[in-house]
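Good morning, everyone, and thank you for making the time. I would like to walk you through a few local features of one structure, so please have the sequence and the model open as I speak.

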Amino acid sequence: MLGMGSALETLCGQAFGAGQLDMLGIYMQRSWIILTSTALVIMFLYIFSAPVLILIGQTAEISNATGTFAVWMIPQLFAYAMIFPLAKFLQAQSKFMVMAVISAVALVLHCFFSWLLMLKLGWGLAGAAVVLNASWWFIVAAQLLYVFSGSCGGAWSGFSWKAFQNLWGFVRLSLASAVMLCLEYWYFMALILFAGYLKNAEVSVDALSICMNILGWTIMVAFGFNAASSVRVSNELGAAHPRTAKFSVVVVSVTAVLFGLLLALILIINQKQYPDLFSNNAEVKQLVFELTPFLGASIVINNIQPALSGVAIGAGWQAIVAYLNIGCYYLFGIPLGLLTGYKFGMGVKGIWYGMLSGTILQTCFLFWMIYRTNWNKEASIAGDRIKQWSGKSDAKKEGEEI
């Protein structure tokens, strides 16, 4: 869902920069139609997730628990279909504060009701599902209320039949974006999947889940850099300001590196203490301690990489980066991880080493692409794209991939 929504990030950002505010609402409605249809298809994967996991070799206990929770989370799937287009619509206009306030309120409510339902009332996973679904739909409702209230000016003028025009072209743009981002997210999720096949799998999965949880928290900062870079670059290219777009890339890259180093340093300093916050199992805590250097390196790289991916989204390079991800992640990183983890007997550390190497390689390629970019040419391409998608050009090929 998030991946398919990133096409909207490019189009809305560049249209806003060019001053074509009326197209932002049309783009968002097209994205709602496409993502809701996609959610209907993905829903069946949620329903049959337990037998699928058993089929690929996961234990019955893990598969059944995951399958039950996935079914409970189907309402959240449709919330995703609404919220990601909303987020891109608001981000393109730099309305970050209202998004932050709504998210902060949702977080407070989420924490309270999680404690109430899961701990106080003992609902367990069912309580977690109820709270997660409610939290996401609260954010959707609050953002819709903000948009419909007229706070976005000319960017929202109501529902329009134009949203149903050129849907196939929009689908192609969305699929290119989805492939790019899904390859990135699935890559690290595969780390936990592969750990499930190791000896003493429960300890490996528990330790990795703790590390991935921490990495997920720090990636929230990186997502901020991703959004900032994509919005700024797309806005400036849409406004035909290539030098400003280039300067924005430099600023966000340097800032991302410094924040990544700071977060990794805090983690390394506290590497003996923080495992106690997550587990009482001595084996799990020891493995988390041993994985901390890998986690620290991942935090640094995963602060830089999303910032560069944001530049790619802002410039509309999703299809190119999708091919880059396939090569770096799936043809290099995963094979290397499996080789070091299983063949060389390094276990979960070997798997993580290989996959981290793939991320580093992909980041280096992104740096090289950005360094070699002709920003004047990118501004011209953005201008042509805006004319094509607003219906103001006679583009030869509708739905040309970003």
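This is a predicted model: local features need pLDDT of at least 70, side-chain atom pairs count only at pLDDT 80 or more; totals for chains, interfaces and linings use all residues.

Helix α12, which covers residues 318–343, packs against helix α13, residues 347–371, at an angle of about 155 degrees, and their axes lie 7 Å apart. Because angles over 145 degrees count as roughly antiparallel, α12 is described as roughly antiparallel to α13. The crossing of α12 past α13 is right-handed, and the contact of α12 with α13, sorted by class, has 16 nonpolar and 12 polar residues but no charged ones.

Now to helix α6, residues 96–120. With 25 residues at 1.5 Å a residue, α6 should span 36 Å, and its end C-alpha atoms are 34 Å apart, which agrees. Which residues of α6 are buried? They are Val98, Met99, Ile102, Ala106, Ser114 and Leu117, and what covers them includes α5, residues 74–92, and α7, residues 125–151.

Let me turn to the backbone on either side of that helix. Just after α6, glycine 122 takes a positive phi of about 70 degrees. In the loop between α5 and α6 we find serine 94, which has a positive phi of about 60 degrees although it is not a glycine. Most residues other than glycine have a negative phi. Serine 94 is partly exposed, at a relative accessible area of 38%.

Finally, alanine 240, in the loop between α9 (201–238) and α10 (242–269), is not a glycine either, and yet has a positive phi of about 65 degrees.

Technical notes
Residues are numbered from 1 along each chain as its sequence is written. Side-chain values use heavy atoms; hydrogens and water are left out. Axes are lines fitted to C-alpha atoms, for helices over the stretch in contact, and angles run from 0 to 180 degrees between N-to-C directions. Helices (H or I, at least four residues) and strands (E, at least two) are DSSP runs, numbered from the N terminus. Angles under 35 degrees count as roughly parallel, over 145 as roughly antiparallel, 65 to 115 as roughly perpendicular and the rest as oblique. A crossing is left-handed if the near helix is turned anticlockwise from the far one by less than a right angle, and right-handed if clockwise. Ala, Val, Leu, Ile, Met, Phe, Trp, Tyr, Cys and Pro count as nonpolar, Asp, Glu, Lys and Arg as charged, and the others, Gly among them, as polar. The expected span of a helix is 1.5 Å times one less than its number of residues. Buried means under 20% relative accessible area, exposed over 50%, partly exposed in between (1.4 Å probe, protein chains only). Contact means heavy atoms within 4.5 Å.
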